Amino acid sequence: TGAGKRVAVLAVDPSSARTGGSILGDKTRMERLTRDPLAYIRPSPSQTELGGVARRTRDAVALCEAAGFDIVLIATVGGGQSATIFSAIADVFLLLLAPAGGDELQGVKRGIMEIADLVVVNKADGDLKPVAMRTAADYAGALRLMRKREGDPDDFPKVLTVSALEAQGLNDVCSDIEALAAYRRETGFWTARRAKQARDWFEDEVRQGLLRRLAADDGTRTAMTELGSAVAGGRRSPGSAAAEVLRRLS
């Protein structure tokens with residue numbers, strides 16, 4: 001915002017598995033940003049969605065872009081090694097880590113490390129600075145073992161250290177994000193990736209629509225209830241019961 005750019009922050013908050021509620025308190029921790037006229041912050045509950053984002057995060061991104069925001073930041077609830085849905089939404093994916101969050105063996109795990117464009121180790125200040133530097137070195141070593149990806153310049157993905165407390169290293173992160181975005185635009189990767197994301201979005205909407213239709217069908221609900229009781233009672237296997245429901249639909 002200091003450079004005159006309009007920034008939207010879509011903060012996805014985890015929902016309780018018991019009550020379904022969310023605190024939605026991310027905005028209260030962004031004291032300076034909430035007062036910035038060039039910034040917009042929207043907390044959303046993750047609800048039952050997996051992958052660290054909410055069901056309509058993609059729609060929210062499209063709305064923010066249509067409203068003229070220059071940068072849209074998606075703050076996810078955090079994800080494990082298999083939470084790769086981010087790549088179907090974002091242009092650049094930044095993995096934020098804490099010092100001593102894992103050694104090199106942790107870093108070579110597939111999944112989330114394979115889609116990270118930048119790995120950023122925060123809290124590189126005070127007594128934690130040496131630990132943060134070692135963590136960054138471990139992850140940098142892990143990234144060197146991975147196969148080169150399409151759409152990456154020679155020095156990406158890379159690992160950086162920052163201190164949010166002391167505002168150190170943040171300009172380097174922003175510069176690298178802008179450099180990566182510029183490279184992908186110039187090579188055509190940006191356009192091709194967005195086209196694939198749009199197709200994936202379309203296919204996901206079709207799948208979700210079919211599930212909603214199934215849930216609204218009285219015959220399907222009755223069959224699900226009856227066969228679900230049989231499965232719970234051990235009289236039917238889950239696979240055969242599911243196959244019967246699908247046969248009734250054909």
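Author: We begin with accessibility. A residue is called buried under 20% relative accessible area, exposed over 50%, and partly exposed in between. Keep in mind that this is a predicted model.

Reader: Is Gly68 buried, exposed or partly exposed, and why?

Author: Gly68 has 36% relative accessibility, so it counts as partly exposed. This glycine sits in the loop between α2 (57-66) and β3 (71-75). Its C-alpha atom is separated by 9.8 Å from that of Lys5, although the two residues are 63 apart along the chain.

Reader: How do I read backbone angles?

Author: Most residues other than glycine have a negative phi, and most peptide bonds are trans. Departures from either pattern can be listed one by one.

Reader: What is the phi of Lys123, and where is this residue found?

Author: Lys123 is not a glycine, yet its phi is positive, about 65 degrees. The residue belongs to the loop between β5 (118-121) and α5. Lys123 is partly exposed because its relative accessible area is 41%.

Reader: And what about Ala167, in which loop does it lie?

Author: Ala167 is in the loop between β6 and α6 (170-187). Its phi is also positive, about 55 degrees, and it is not a glycine either. With a relative accessible area of 52%, Ala167 is exposed, since the cut-off for that word is over 50%.

Reader: Is the peptide bond from Phe156 to Pro157 cis or trans?

Author: That bond, from Phe156 to Pro157, is cis, and its omega is near -5 degrees. Pro157 is placed in the loop between α5 (129-144) and β6 (158-161).

Reader: Next, cysteines. How many disulfides does the structure hold?

Author: A disulfide is a covalent bond between the sulfur atoms of two cysteines. The count here is 0 disulfides. Cysteines can still be read by accessibility. Cys64 has 7% relative accessibility and therefore counts as buried. Cys174, at 42%, counts as partly exposed.

Reader: Last, the surface. Which residues form the nonpolar patch?

Author: A patch takes residues with over 30% relative accessible area and no salt bridge, and nonpolar side chains are joined within 5 Å. Here the nonpolar patch on the surface is formed by Leu211, Leu214, Leu246 and Leu249, which together have about 360 Å² of accessible area. Two or more of the patch residues come from each of α7 (189-216) and α9 (238-249).

Reader: Where is Leu249, and why does it count as partly exposed?

Author: Leu249 is in helix α9. Its relative accessibility is 42%, so it counts as partly exposed.

Definitions and conventions: Residues are numbered from 1 along each chain as its sequence is written. This is a predicted model: local features need pLDDT of at least 70, side-chain atom pairs count only at pLDDT 80 or more; totals for chains, interfaces and linings use all residues. Side-chain values use heavy atoms; hydrogens and water are left out. Patches are made of residues with over 30% relative accessible area and no salt bridge: like charges are joined within 9 Å, nonpolar side chains (Val, Leu, Ile, Met, Phe, Trp, Tyr) within 5 Å. Accessible areas come from the Shrake-Rupley method with a 1.4 Å probe; for residues, only the protein chains shown count as cover. A salt bridge is a side-chain nitrogen of Lys or Arg within 4 Å of a carboxyl oxygen of Asp or Glu. Helices (H or I, at least four residues) and strands (E, at least two) are DSSP runs, numbered from the N terminus. Buried means under 20% relative accessible area, exposed over 50%, partly exposed in between (1.4 Å probe, protein chains only). A disulfide is a pair of cysteine sulfur atoms within 2.5 Å.
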